[in-house]
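Subject: Handover of a structure and its findings

Dear colleague,

Please find below the structure that I am passing on to you.

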Amino acid sequence: MKYYSTNHNSLDVSLAEAVVKGLAPDRGLYMPERIERLPREFFDNIDKMSFHEIACRVARAFFGEDIPGEDLDAIVCDTLSFPTLVVEVESGIYSLELFHGPTLAFKDVGARFMARLLQYFIKRGDDRRNVHVLVATSGDTGSAVANGFLGVDGINVHVLYPKGKVSPIQECQFTTLGRNITAIEVDGVFDDCQRLVKSAFLDGELNERLLLTSANSINVARFLPQAFYYFNAYAQLKKAGMADNLVVCVPSGNFGNITAGLIAHRMGLPIKRFIAANNANDVFFKYLQNGEYEPRPSIATIANAMDVGDPSNFARILDLYGNDHARITSLISGTTYSDGLIAKTMEECFKDTGYILDPHGAVGYRALKQSLRPGETGVFLETAHPAKFKDTVEAHIGCEVEIPSRLADFMKGEKQSVAMTSDFADFRSYLMTL
């Protein structure tokens with residue numbers, strides 16, 4: 001399988017090159033040259049399959065030409081050492097709980113898969129230099145990537161995060177690890193962190209000196225495996241007799257998660273339509289309304305992992321649908337909510353159903369409540385455990401949120417971070433000393 005750049009000004013590359021490079025030389029994102037449509041019998045029998053069986057079949061469609069089946073299955077099964085549960089919140093509305101992994105966030109799937117795949121290619125390749133993974137985070141990406149790569153031989157991770165704009169618990173999850181993980185506290189917003197990472201990949205001298213890659217959703221090994229849990233959610237709902245007229249709502253920031261769902265749909269997964277639920281960072285919502293994409297600086301909200309003003313994976317969505325606004329809007333609708341409405345949603349959901357939402361899940365839940373049509377079943381992605389936003393959630397539901405022991409353990413460590421401006425010259429100087 002070859003991978004091409006969404007800007008179409010770079011040579012096609014192998015999977016190994018796409019994973020190690022992360023970003024194409026022309027600043028485009030890599031996409032697989034074709035997307036395999038899975039056979040009808042797979043979907044007929046999916047409710048009788050385990051999560052591992054489902055994910056291994058999907059992974060072979062993506063990566064089976066490049067990795068022997070036995071090796072790929074081992075990577076998938078090691079990645080998915082935890083469940084992704086579908087839980088009924090109220091009649092016709094279900095939560096896909098993606099917070100049962102090591103860092104209690106959906107990004108554990110992609111981060112763990114990428115760590116194992118990258119290590120596989122390093123061991124198989126001729127270049128014996130250490131790999132330096134650069135990752136920008138608005139919250140959960142940093143912790144998932146840091147923990148996914150912690151202690152992996154030959155890989156050093158550098159997590160860039162905006163100072164004062166991630167929750168204290170999120171910050172603890174990647175600033176207290178040490179070993180091969182370095183946290184870089186940037187005086188700016190998430191978009192500044194993302195810009196620094198992209199600029200590093202395009203610096204010729206840096207890339208001659210260091211073997212750089214990214215673990216953000218710009219990397220194909222990070223976002224494609226997220227398709228696994230869409231298939232698994234469908235299987236669980238099919239088993240319950242609730243899979244017809246399925247609507248999936250995705251709290252959306254950098255749009256890697258929903259892009260993985262759209263690729264699952266292209267592979268034949270019977271999803272009727274998608275909802276991209278935004279907080280106040282409504283660039284994609286406005287694009288859906290008028291066809292104009294106008295990125296702007298991100299706005300800080302209580303759903304901070306979605307605080308993205310220029311979502312990278314928008315390029316993949318355009319590419320997937322031939323830059324056709326009508327095709328995109330025929331499958332995807334959008335919503336946008338203020339902090340006040342997000343807070344109100346957490347309060348109302350807990351009062352009416354007893355289910356505790358995190359701020360991002362609240363955006364997805366509210367979008368379903370407002371737009372689900374008669375006869376449809378809705379699933380929203382609950383992307384992080386509510387305890388990761390303990391103070392915010394408790395302030396609005398009026399009761400204590402228990403902190404899972406795995407999360408409490410992170411909070412006992414001592415913060416270690418490197419302070420940095422948002423000027424690329426400073427980041428470049430840091431990298432040149434490695």
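Strand E8 (residues 211-214) is covered on both faces: Leu 211 and Thr 213 on one side, and Leu 212 and Ser 214 on the other, are all buried. Buried means under 20% relative accessible area, exposed over 50%, and partly exposed in between, with a 1.4 Å probe and protein chains only. Strands (E, at least two residues) and helices (H or I, at least four) are DSSP runs numbered from the N terminus. The model is a predicted one, in which local features need pLDDT of at least 70 and side-chain atom pairs count only at pLDDT 80 or more, while totals for chains, interfaces and linings use all residues. Residues are numbered from 1 along each chain as its sequence is written, and side-chain values use heavy atoms, with hydrogens and water left out.

**The parallel sheet**

E8 runs parallel to strand E5 (residues 131-136), and four bridges join the two. Strands are said to pair if DSSP finds at least two bridges between them. Among the bridge partners, Val 131 has Leu 211 in E8, and Val 133 has Thr 213. Both strands belong to an open sheet of five, in the order E8-E5-E6-E7-E13, with parallel pairing. E8 and strand E13 (418-420) stand at the edges with a single partner strand each, so one side of each has no neighbour in the sheet. From one strand to the next, the twist averages 25 degrees; axes are lines fitted to C-alpha atoms, for helices over the stretch in contact, and angles run from 0 to 180 degrees between N-to-C directions.

Helix H6 (residues 140-149) lies across E5, strand E6 (155-162) and strand E7 (181-186), and runs at about 165 degrees to E6. Nine of the ten residues of H6 are buried, including Asp 140, Val 145 and Phe 149. These buried residues pack against H5, E5, E6, helix H7 (168-175), E7 and helix H10 (220-223), where contact means heavy atoms within 4.5 Å. Just after H6, Gly 151 takes a positive phi of about 80 degrees.

**The mixed sheet**

Six strands form an open sheet in the order E3-E4-E12-E9-E10-E11, and their pairing is mixed. The edges are held by strand E3 (85-90) and strand E11 (332-336); each has a single partner strand, so one side of each is left without a neighbour in the sheet. Neighbouring strands here are turned against each other by 25 degrees on average, direction ignored. Within this sheet, strand E9 (residues 246-251) and strand E10 (residues 273-278) pair in the parallel sense over five bridges, and the partner of Val 247 in E10 is Arg 273. Helix H12 (residues 256-266) packs on the sheet and touches E9, E10, E11 and strand E12 (377-382), its direction making about 175 degrees with that of E10. H13 also packs on the sheet, touching E10 and E11, at about 130 degrees to the direction of E11.

**Aromatic rings**

There are 16 aromatic pairs in the structure. Rings of Phe, Tyr and Trp (its six-membered ring) pair if their centres lie within 6.5 Å; planes under 30 degrees apart count as stacked, over 60 as edge-to-face and the rest as tilted. The ring centres of Phe 42 and Phe 43 are 5.1 Å apart and their planes stand at 75 degrees, so this pair is edge-to-face. Tyr 287 and Phe 314 also form an edge-to-face pair, at 4.9 Å centre to centre and 80 degrees between the planes. That pair links distant parts of the chain, 27 residues apart: Tyr 287 is in helix H13 (residues 283-290) and Phe 314 in helix H14 (residues 314-320). Both Tyr 287 and Phe 314 are buried.

**A buried leucine**

Leu 407 is in helix H19 (residues 405-410) and is buried, with a relative accessible area of 0%. Leu 407 and Leu 104 are 303 residues apart in sequence and 7.8 Å apart in space, C-alpha to C-alpha. Not counting residues up to four places away in sequence, Leu 407 touches Leu 104, Ile 169, Gln 173, Ala 387 and Lys 388.

Yours sincerely
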